[in-house]
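Okay, everyone, I'd like a few minutes on a ligand site and a cavity. Here it comes.

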Amino acid sequence: MDTLTPSTLEAAARTFAARHATGELVAAFVAGSGISLAAPGWEKAAEIPYAEVFPFPVAELPGHTPTVTLWRKRTRGLLVFNGRFHLYQGYGAAQVAAIPRLAGLLGAPVYVATNASGSIDPAVSAGSLVVVRDHINLQATSPLLGEWGRWRAPMFPDLTDAYDPALRAAAAESARAAGFAVSEGVYVGTLGPNYETPAEIEAFRRMGGTVVGMSTVQEVIAARHLGLRVLVLSLATNMAAGIGGLPLTHQEVLEVGEAARGRLLGLLERVVAGLEAKTA
Ligand code: HPA
């Protein structure tokens, strides 16, 4: 399934740029399904189904067409990707990384990702927002395999401070201003789609993990390879296996996600305002 090549993605980016005037992009956002970011004060210039953007078959959930929204304000633009590609859906690493790479090719300087996760740390309760400061990639793959590593230098990118310290500080400050606390933590990326065993979670805790999820790390590696600054906000929707003593259900993940969505959106809006002010 993983047939995406650099030249195919570059052609897709050229097509996108020819069809849609993005303006000077301030940032690209990617939200897990269910979270859609409205940008107050910005005008919705286009809403484009993924099937028209990405040069590979896009799986659609019943009743849900993933789209990218282009927001414009005067000379500036904002891309919001509503829904992401996961390895557990059968996409290859290069396809999973197509969103940040497209954003980078279109000129976005910043990549902001949100995701849902399970908390490994008893001090991080379900419903908390975590600003990701680092990751542990347990997905056993990389978006830089094969020709993607040769596509751009460096083939061996440094991932120190992959999660931009200034953006992390700005996100924490925005959360404080909005009246809630966030903590920083390490995101452990697993393949999924099964949740983890309690023994795995105990191992991840000893390794230094704070939250665990099935997305995002491939995107971050690709974004850093292209030089985008990265911010990741993780919503801990549940205590990970064995931590809360309760079995995990997808329903719980969805319900807590729904309840915390307002806070996450409020935080994202402040992050956008901060980025806008910086690029003014
Ligand atoms: N584990 C992995 N991914 C997740 C979890 C979890 O507990 N919760 C939400 N996404």
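Quick housekeeping. This is a predicted model, where local features need pLDDT of at least 70 and side-chain atom pairs count only at pLDDT 80 or more, while totals for chains, interfaces and linings use all residues. Numbering runs from 1 along each chain as its sequence is written, and side-chain values use heavy atoms, with hydrogens and water left out.

A side-chain N or O atom of Glu 196 sits 2.8 Å from a ligand nitrogen, and Ser 117 puts a backbone N or O atom 3.5 Å from one. The protein covers 95% of the 260 Å² of accessible area that the ligand has on its own (Shrake-Rupley, 1.4 Å probe).

Who's in the shell, meaning a heavy atom within 4 Å? Among them are Tyr 195, Val 212, Thr 237 and Leu 248. Strand 5 (110-119) is one of the elements giving two or more residues, and its three are the largest share. Strands here are DSSP E runs of at least two residues, numbered from the N terminus.

Last, the cavity. On a 1 Å grid over the protein atoms alone, that's a set of points where a 1.4 Å probe fits but cannot get out, and lining residues have an atom within 4 Å of a point. Points join across faces, edges and corners, and volume is the space filled by probe spheres set on them. The search finds one of 30 Å³ or more. The largest has about 40 Å³, with Arg 84, His 86 and Gln 139 among its lining residues. Met 214 is in that lining and also in the ligand shell.

Conventions:
Near = heavy atom within 4 Å. Polar contact = N/O pair within 3.5 Å; in protein donor to acceptor, adjacent residues only side chain to side chain. Helix = DSSP H or I, 4+ residues; strand = E, 2+ residues; numbered from the N terminus. 1 Å grid on protein atoms, 1.4 Å probe; cavity = no way out; pocket = protein on both sides within 12 Å on 5 of 7 lines; lining within 4 Å.
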